[in-house]
Amino acid sequence: MELRFDPENPRYEYIVQEDQLHTALEFLEKEKVVAVDVEATSLDPITGYLIIIQIATPHISYIFDVRKIDVSDNERFKKFLENKKIIKILHNGKFDYKYIKAKTGIELDNIFDTMLTEAVLNSGVGKAYYSLKDLVKKYTGIELKKEVRGTFERVTAKTKLDESQLKYAAVDTLIMFPVFEAQLEQLRNNGLINIGKLEFAVTRVVGNMEMAGIYINKEKWSSIIKNLGEKRDIYAKQFQEAIKPYFVASSIDLFGNHTDLINMNSQVQLMDLFNNRLKLNIPSTGDAILAGTDHPVAKILRDYRAYEKLVSAFGDSLLQKINPKTGRIHPEFNQLGTATGRFSCNNPNLQQIPRNSEEVQFRTCFNPRPGYKLVVADYSNFEMRILAEFSKDAKMISALNSGLDIHSYTASLMFGKEYTDDFKKKYPDLRQIAKPIGFGLMYGMGPVGLAGRLELETNRKFTKEEGEDYMNRYFSSYPGVRAYLDKVAKEAVRNGWSITPAGRKRWYHKPERDDPEFRRKQAQIEREAKNHPIQGTNADAIKYALVFIQERIKKDKVDGEITLTVHDEIVTEVREDQAQDWAEVQSEEMVRAAKLFIKNVQIRSDPFVGDEWEH
DNA sequence: AGAGGTGGTG
DNA sequence: CATGCACCACCTCT
């Protein structure tokens, strides 16, 4: 790889005045591809300060000091960064996009993201995050020095930037060209250009979504947690009381206070209790095992666990993530956080907030700001519809297109009963069996797993033979499904990858023939590959939908923003008077996105307008 | 610091 | 022989 600059002595121009800015733009406007980076005082664009924006050609980096020039006021600068024709190479451009938008109002456009590209090129076999350092090493062999980066944290409005800082800032942009060129070639070779474009478009939407955040009612949340904590404590006390007989002496500390006999959160101590003292011989302390254990202590532990889980995972830690400046939660969405193309979410993970039940209503604490509404829309039975489309199974397609209750219909085929509108009421037990089978088989589940799953769902024993029988009944009902899943699994094992119609690939580490775990590893690939095109297409569709929805918000001048996405669901926060009309648009755009890949099966998305998340 | 167990979501 | 896809948070223990 030949470099067009000297990493020890990069060419750069430090721009601190208006006239310099125009001269620099004069040169930059001639380029088709530039590299962009920013340096700021912290990782949080809401509370941090932007210091410089670097824009480079392959030969020279222009370093705009935004402390000295007010670029938010500069039409020409804005036009350049928002120009849809000029490609801007960035590494983790979401970060730069957010900073630039927050501090200058400029919305960076036409991003090529080297971090996302690497993730797309290595999905299934690579890392969740690639640093620029990783990529520079991989594609150029150069060891990028990152020590200078930390010095920007201490920069204020008056700090004079030194030469090492300016050189560092310049290298960070110049070095992106060779990475970009190598990656672009790789994207082409793997047919991943369109997925790359999709991810680059999505990253701006995600930037907006993270900046928007979502409001949470602190007081309500705290009171739910407090209540759950009290209930947990009652079970904790009961538990310690109930196990006393199994210990020789009760524990009393130096001050005469009773202390706990065991730590209820310790798996080791629980195993000792259950197996050595209670002689129950259980293999683990998981809920499924405890449920089948006829002992009062097990029952108390299960109750304790239910509350402890909610308090520990969703308790005060979540409130500490409220941003002091906005008063809202700004979760981080990693758009390539999974091997299938789905988003992952953290800090906090709002994708795993428990659904509302009679007892616990966490999601009701997420509300719109005054004068606004939450618009919530999800795809209904999406993965089932995707499976129907891909498998071309005539019966499954026609059932979904006729609006039948799909699990009832499946049960009617499996057990030879007539389908009626009240099937769900007439044969609840049959439907209860059909439903988990549909999901399980999409994940490559086998007869034993299926029997176990049915046991959980129905509280009665299922043998391996029954599991096998049900699988056969399901596959005979939908012969196209079996053929499709088998084909996908076989192709993945042969190719070493699987693919969605949108072109998203997932790679697999093929085991060596003489690997002692060959069979296990190959079976794993088969299961993962059966699921990938389905889950991945769900992800592809939701990502197109996010882009479409963002475009409509802008085009229709809707006063609102996207605040959350949870796999098959999108939540927006929209001004009250626009919310009803907008809800229809949001669902339409979701359906339009899904129809890019689903041609023969109807797609449904029903929107809800309200003051609480979930409906 | 990292692994393993447990359990919340789609 | 093992036996369901994709995650993240919290806890304990080494």
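Buried denotes a relative accessible area under 20%, exposed over 50%, and partly exposed in between, with a 1.4 Å probe and protein chains only. By that scale Lys78 is partly exposed, at 24% relative accessibility. The structure is a predicted model, in which local features need pLDDT of at least 70 and side-chain atom pairs count only at pLDDT 80 or more, while totals for chains, interfaces and linings use all residues. Residues are numbered from 1 along each chain as its sequence is written, and side-chain values use heavy atoms, with hydrogens and water left out.

**Annotated domains**

- An unreviewed UniProt entry assigns residues 12-188 to "domain: 3'-5' exonuclease"; UniProt positions are given in the numbering used here, feature names are shortened, and annotations may be inferred rather than shown by experiment.
- Residues 12-188 are 41% helix and 18% strand, with end C-alpha atoms 32 Å apart; helices (H or I, at least four residues) and strands (E, at least two) are DSSP runs, numbered from the N terminus.
- The UniProt annotation "domain: DNA-directed DNA polymerase family A palm", also from an unreviewed entry, covers residues 359-578.
- Residues 359-578 are 60% helix and 13% strand, and their end C-alpha atoms lie 33 Å apart.

**Aromatic contacts**

- Rings of Phe, Tyr and Trp (its six-membered ring) pair if their centres lie within 6.5 Å; planes under 30 degrees apart count as stacked, over 60 as edge-to-face and the rest as tilted.
- The count by this rule is 22 aromatic pairs.
- Tyr235 and Tyr307 are stacked, because their ring centres lie 5.9 Å apart with the planes at 10°.
- Tyr235 belongs to helix H9 (residues 218-243) and Tyr307 to helix H12 (residues 296-314), so the pair ties together parts 72 residues apart in sequence.
- Tyr235 is partly exposed at 22%, whereas Tyr307 is buried at 11%.
- Tyr474 and Phe475 form an edge-to-face pair, with 6.0 Å between centres and 80° between planes; Tyr474 is buried at 1%, and Phe475 is buried at 9%.
- Ring pairs join Trp221, Phe314, Phe362, Phe366 and Trp613 into a cluster.

**Salt bridges**

- The whole structure holds 48 salt bridges, each a side-chain nitrogen of Lys or Arg within 4 Å of a carboxyl oxygen of Asp or Glu.
- Lys78 pairs with Glu82, their closest N and O atoms being 3.3 Å apart; the two are four residues apart in helix H2 (residues 75-82), separated by about one helical turn.
- Asp515 bridges to Lys521 with closest N and O atoms 2.7 Å apart; Asp515 is buried at 18%, and Lys521 is partly exposed at 29%.

Conventions: Chains are lettered from A and ligands numbered from 1 in the order in which they are written.
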